[in-house]
Amino acid sequence: MFDCHIHTEFSSDSKMKLVSSYERARELNMGLIVTDHMDLKYPDEGKFQFDVDRYFEEYYRLRNDYLLIGIELGLRTDCINENRMLVQKYPFDYVIGSVHVVDGVDIFQEGFYENREKKISYGHYLNFMFDCVKNGEFFDSLGHIDYVTRYSRYDDTELYYDEFSDLIDEILKIVAEREKAVELNTRRLDNKIAAQNMLNILKRFKELGGQVVTIGSDAHDTNSIGRNFEAAKEIVSMSGLRTVYFKERKIQFIK
Ligand SMILES: [Zn+2]
Ligand SMILES: [Zn+2]
């Protein structure tokens, strides 16, 4: 297995050392792709951005078959070209495209949900994701489609496929047509409802022509590397998709 989503000290919100994360992954008999955060034009200037030259200087010499160099790019509609150019400029193995900020607001913030029904704020999030994905042919896997559930303030925060099937379908169709992956982010998979909802979304991805999924823990500390991977493997197998990772931007099947 490969854990395809982890954050080390180049991410504003992580202190993890690459070497210790790699050691942990090897203990678990896993490969690792480091995917530090790059959210260009983030509302707090400079936050969630890093020096990519230095990233490659420090990490590329450690790169091997089980330690690959990726990035988690914050998708937005107002820096499509900047994101595209960044991806072209460096020899990444893997690029995750993730929505963290919607119309300039980090959806971690309460303001995004205040005075809005869930149907409205989640619909807005998914609409924005659709615009980003449509213009984002430069990423390999669509990160945590259920991200909005992490920080929203509703009694029931879950993202149910049936409630937003039109929007989710439009997003998944584009990813499937491009023969890219959807990520199964394992952070919430100890929650049975969350796991069921991600299974429903992945099954639908398969029906729409999708073929591959990447699995990532989104770890910011060594203890979280590989978390809930057993549950993830089961979900992927039930979805009919195949688990892959990326190397030199090409799909690698897990044997
Ligand atoms: Zn993310
Ligand atoms: Zn992440």
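A: The second largest pocket holds about 180 Å³ of space, a volume being what probe spheres set on the grid points fill, with points joined across faces, edges and corners. A pocket here is an open set of points on a 1 Å grid over the protein atoms alone where a 1.4 Å probe fits, with protein on both sides within 12 Å along at least five of seven lines, and its lining residues have an atom within 4 Å of a point. Around the second largest pocket, the lining consists of Met1, Phe2, Arg26, Asn29, Met30, Gly31, Tyr66, Tyr245, Phe253, Ile254 and Lys255.

This is a predicted model, in which local features need pLDDT of at least 70 and side-chain atom pairs 80 or more, while totals for chains, interfaces and linings use all residues, and side-chain values use heavy atoms without hydrogens or water. Residues are numbered from 1 along each chain as written, chains are lettered from A, and ligands are numbered from 1 in written order.

In the largest pocket there is about 390 Å³ of space, and 22 residues line it, with Tyr42, Phe48, Asp106, Phe108 and Tyr147 lying nearest its centre. The elements that supply two or more residues to that lining are β6 (105–106) and α5, where helices (H or I, at least four residues) and strands (E, at least two) are DSSP runs numbered from the N terminus.

The metal sites come next. The zinc ion (ligand 2) is held by NE2 of His5, NE2 of His7, OE of Glu72 and OD of Asp218, at 2.0 to 2.3 Å; donors are N, O and S atoms within 2.8 Å of the metal (3.2 Å for Na, K and Ca), and sites may look incomplete without water. Along the chain, the donors of the zinc ion (ligand 2) follow the spacing H-x1-H-x64-E-x145-D. The pair formed by histidine 7, in the loop between β1 (2–6) and α1 (18–27), and aspartate 218, in the loop between β9 (212–216) and α8 (229–239), links distant parts of the chain, 211 residues apart. Both histidine 7 and aspartate 218 are buried, a word that stands for under 20% relative accessible area, against over 50% for exposed and partly exposed in between, with a 1.4 Å probe and protein chains only. For aspartate 218 the relative accessible area is 2%, and this residue has a positive phi of about 60° although it is not a glycine.

Glutamate 72 bridges the zinc ion (ligand 2) and the zinc ion (ligand 1), and the two ions lie 3.3 Å apart. Histidine 100 is buried at a relative accessible area of 5%, and histidine 144 counts as buried at 1% relative accessibility.

One further backbone detail concerns aspartate 103, which lies in the loop between β5 and β6 and has a phi near 50°, a positive value in a residue other than glycine.
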